[in-house]
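I am opening a notebook page for this structure. The entries below follow the order in which I looked things up.

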Amino acid sequence: MAANKKLLFLPGDGIGPEVMGQVRRIIDWMDQRRHVSFDLDEDLVGGAAYDAHGSALSDATLDKAMNVDAVMLGAVGGPKWDNVERHHRPEAGLLTLRKELDLFANLRPATVIPALAEASSLKTDLVSGLDLMIVRESTGGAYFGLPKEITDLPDGGKRAVDTQVYTTAEIDRVCRVAFDLAGKRGGKLHSVEKANVMETGVLWREIATEIGKEYPDIELHHMYADNCAMQLVREPKQFDVIVTDNLFGDILSDCAAMLTGSLGMLPSATLSGADESGRRRAMYEPVHGSAPDIAGQDKANPLATILSYAMTLRYSFDMGEDADLIEKAVGNVLASGLRTGDIMQNGMTLVSCTAMGEAVTVELDKLAA
Ligand code: IPM
Ligand code: MG
């Protein structure tokens with residue numbers, strides 16, 4: 001196949017470069033064994049970019065990101081940049097990418113891999129077989145709403161404001177992504193907000209209900225966000241797809257992630273709307289952070305990033321079979337007993353980040369033989 005698939009790697013900070021290094025290994029494997037090549041470019045983001053250019057995302061990097069089929073990001077942030085002004089902080093690089101590429105639909109699956117069901121902090125029978133997807137709105141709401149400021153008050157105190165704001169169009173487009181996904185999955189959608197106290201919640205519920213009429217086969221439920229948090233730990237298997245705003249989605253997706261036993265296992269995709277040719281801009285990243293405490297020690301779990309690459313193949317390149325293959329290889333490696341520290345269990349074999357990546361390629365060799 002021709003190398004017309006443009007991919008930009010942004011490894012970022014902390015364990016980002018290590019886990020992305022293991023994806024390179026899979027990409028090399030794809031090249032050699034499946035004859036699938038990518039035009040691969042790599043650049044800086046987050047604290048690494050701030051140190052080099054004084055900005056968490058340079059214009060040149062943003063420009064590259066705008067002109068590829070998919071961006072793969074490792075992780076951003078770390079204590080080193082804690083005192084940097086907010087608009088220069090590593091997180092700003094990530095948020096700018098989401099906003100400028102108009103990546104409004106953040107897909108965060110929480111799937112329990114059978115070999116890891118016992119690693120969950122919940123009882124095994126509550127989580128085994130769990131397969132849910134959170135669709136988090138990711139370019140609006142409290143993250144980006146204006147005003148967003150801290151001002152001085154005459155009494156010497158300060159006043160801090162974040163603005164939770166959503167328009168019809170913003171809610172509409174993310175809900176449609178979620179309805180479409182639910183149609184391809186279990187046919188059930190929970191729309192999550194706080195319509196009992198928030199105007200954005202009232203509008204959200206109204207729009208979700210309206211769109212629901214166009215999807216008569218999807219079972220639509222409305223749920224308050226606090227109840228959703230509770231239901232996620234009470235009976236997570238009641239959910240198929242959840243659609244929610246940026247802030248609730250941030251919180252609920254961490255909660256859902258932990259149901260699976262480790263944040264180190266979960267991939268994500270963030271997509272824009274489709275253009276005339278059906279092409280969507282996209283960014284793929286593990287849900288976990290930069291884990292500065294273990295950075296540079298070859299201890300990180302590369303599987304969430306490897307699974308993010310599988311999502312890249314599935315959603316950006318329509319290569320579902322190859323994505324399946326990678327997911328299967330990851331499942332088999334775990335079933336064989338290999339574990340990185342974050343998912344270590346009694347009787348299993350502790351391996352490094354590199355060894356885990358290698359094991360996945362060895363397994364791919366076996367599966368493809
Ligand atoms: C996430 C992260 C980010 C967010 C941070 C790093 C800005 O927590 O992707 O969930 O809050 O969106
Ligand atoms: Mg988060």
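In which strand does Lys 5 lie? I find Lys 5 in strand 1, residues 5–12. I take helices (H or I, at least four residues) and strands (E, at least two) as DSSP runs, numbered from the N terminus.

Before going on, I note that this is a predicted model, in which local features need pLDDT of at least 70, side-chain atom pairs count only at pLDDT 80 or more, and totals for chains, interfaces and linings use all residues. Residues are numbered from 1 along each chain as its sequence is written, chains are lettered from A and ligands numbered from 1 in the order in which they are written, and side-chain values use heavy atoms, with hydrogens and water left out.

Entry: Lys 5. I looked for a partner for this side chain. Lys 5 is buried and has no salt bridge; the nearest side chain of opposite charge is that of Asp 69, 8.0 Å away. Buried means under 20% relative accessible area, exposed over 50%, and partly exposed in between (1.4 Å probe, protein chains only). A salt bridge needs a side-chain nitrogen of Lys or Arg within 4 Å of a carboxyl oxygen of Asp or Glu. For charge, Lys and Arg count as positive and Asp and Glu as negative, while His and the chain ends are not counted. Leaving out residues up to four places away in sequence, Lys 5 touches Val 36, Ser 37, Phe 38, Asp 39, Asp 69, Phe 317 and Met 319; contact means heavy atoms within 4.5 Å.

Entry: salt bridges. I get a count of 26 salt bridges. One of them pairs Arg 25 with Glu 358, with the closest N and O atoms 3.8 Å apart. This pair links distant parts of the chain, since Arg 25 is in helix 1 and Glu 358 in helix 12 (residues 353–368), 333 residues apart. Arg 25 is partly exposed at 25% relative accessible area, and Glu 358 is partly exposed at 39%.

Asp 102 and Arg 173 also meet in a salt bridge, at 3.1 Å from N to O. They too link distant parts of the chain: Asp 102 sits in the loop between helix 4 (90–100) and strand 4 (105–111), and Arg 173 in helix 6 (residues 168–184), 71 residues apart.

Within helix 6, Asp 172 and Arg 176 lie four residues apart, about one turn of the helix. Their side chains form a salt bridge of 2.7 Å, N to O.

Entry: backbone. Most residues other than glycine have a negative phi, and most peptide bonds are trans. I noted exceptions. His 35 has a positive phi, near 55°, and lies in the loop between helix 1 (16–34) and strand 2 (38–42). His 35 counts as exposed because its relative accessibility is 52%. Asp 298 has a positive phi of about 60° and is in the loop between strand 12 (280–286) and helix 10 (303–316). The peptide bond joining Leu 146 and Pro 147 is cis, with omega about 0°. Pro 147 is in the loop between strand 5 (131–137) and strand 6 (149–152).

Entry: cysteines. With a disulfide taken as a pair of cysteine sulfur atoms within 2.5 Å, I count zero disulfides. For Cys 175, the nearest cysteine sulfur is that of Cys 228, 14 Å away. Cys 175 is buried, at 0% relative accessibility, and Cys 353 is buried, also at 0%.
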